[in-house]
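Could you look this model over before you set anything up with it? My notes are below the picture.

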Amino acid sequence: MRKLIFGMNLSLDGYIAAPGDDLGWSVPSDELFQWWSDRVGASDLSLYGRKLWETMSSHWPTADQQPNATPAEIEYARRWRDMPKVVFSSTTSTVGWNTRLVTGDAVTEITRLKAEDGGPMDIVGATLAAAAMRAGLIDEYVLVTAPVLVGGGTPFFTALDSWVNLNLVETRTFPGGVMLTRYETRR
């Protein structure tokens, strides 16, 4: 059975994007960028919602070909293209870069994918993760918290029907006061 991990950068007040989908507050340090790149390299499959897919697929497929691309960006772009991905969307019609499109029920497909043999899966995108969270499918939460209050926007956590008890399994500090906390779901 695969492990499903939800991890993103978020503000101290719990948002992954400020109003207007502003992400300017979450520019990672080199060390944090490398940590995220290593996570991509360690994942067997990444599950995307439409909105984040559009953001990522508009940049990373060719990011390594930009004249000012750093070695870390080149490595991340390669890892991102090579990693198998699933996009959940009823409005997107085509995907590329080692990606499969699912237009049906996300919770049903995520449940099926979790039951397969294989390594960890990352789920990215607030709306998709919220559906998986409400269905009790997330095994691990990775919060990379920036010391900023944005006052609103897209929340990391969704409203739940019942509590989710967690165990803290890791903490780490990155430059700029960014704090990583990693929790496993207590079952």
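The points below run from the whole chain down to single residues.

1. Ground rules first. This is a predicted model, where local features need pLDDT of at least 70 and side-chain atom pairs count only at pLDDT 80 or more, while totals for chains, interfaces and linings use all residues. Residues are numbered from 1 along each chain as its sequence is written, and side-chain values use heavy atoms, with hydrogens and water left out.

2. Annotation. An unreviewed UniProt entry puts "domain: Bacterial bifunctional deaminase-reductase C-terminal" on residues 2–179; UniProt positions are in the numbering used here, feature names are shortened, and annotations may be inferred rather than shown by experiment. Over that stretch the chain is 29% helix and 27% strand, with 26 Å between the end C-alpha atoms.

3. Overall build. The chain has 5 helices and 10 strands (DSSP runs numbered from the N terminus: H or I of at least four residues for helices, E of at least two for strands). Its radius of gyration is 16 Å, close to the 16 Å from the globule rule for 187 residues, so the chain is as compact as a globular protein of that length. The radius is taken over C-alpha atoms, and the rule is 2.2 Å times the number of residues to the power 0.38.

4. Packing. Buried residues account for 45% of the 187 (buried is under 20% relative accessible area, exposed over 50%, partly exposed in between; 1.4 Å probe, protein chains only). Of the contacts (heavy atoms within 4.5 Å) between residues at least 6 apart in sequence, 69% join residues at least 24 apart.

5. Helix α5. In this helix, residues 126–134, the buried residues include A126, L128, A129 and M133. Residues three or four places apart on an α-helix point the same way, because there are 3.6 residues a turn. Just after α5, G136 has a positive phi of about 75 degrees.

6. The loop between β2 and α1. V27 sits here, between β2 (15–17) and α1 (30–42), and is exposed at 66% relative accessibility.

7. Another phi to check. N98, in the loop between β4 (85–88) and β5 (99–102), has a positive phi near 65 degrees without being a glycine. N98 is partly exposed, at 43% relative accessibility. Most residues other than glycine have a negative phi.
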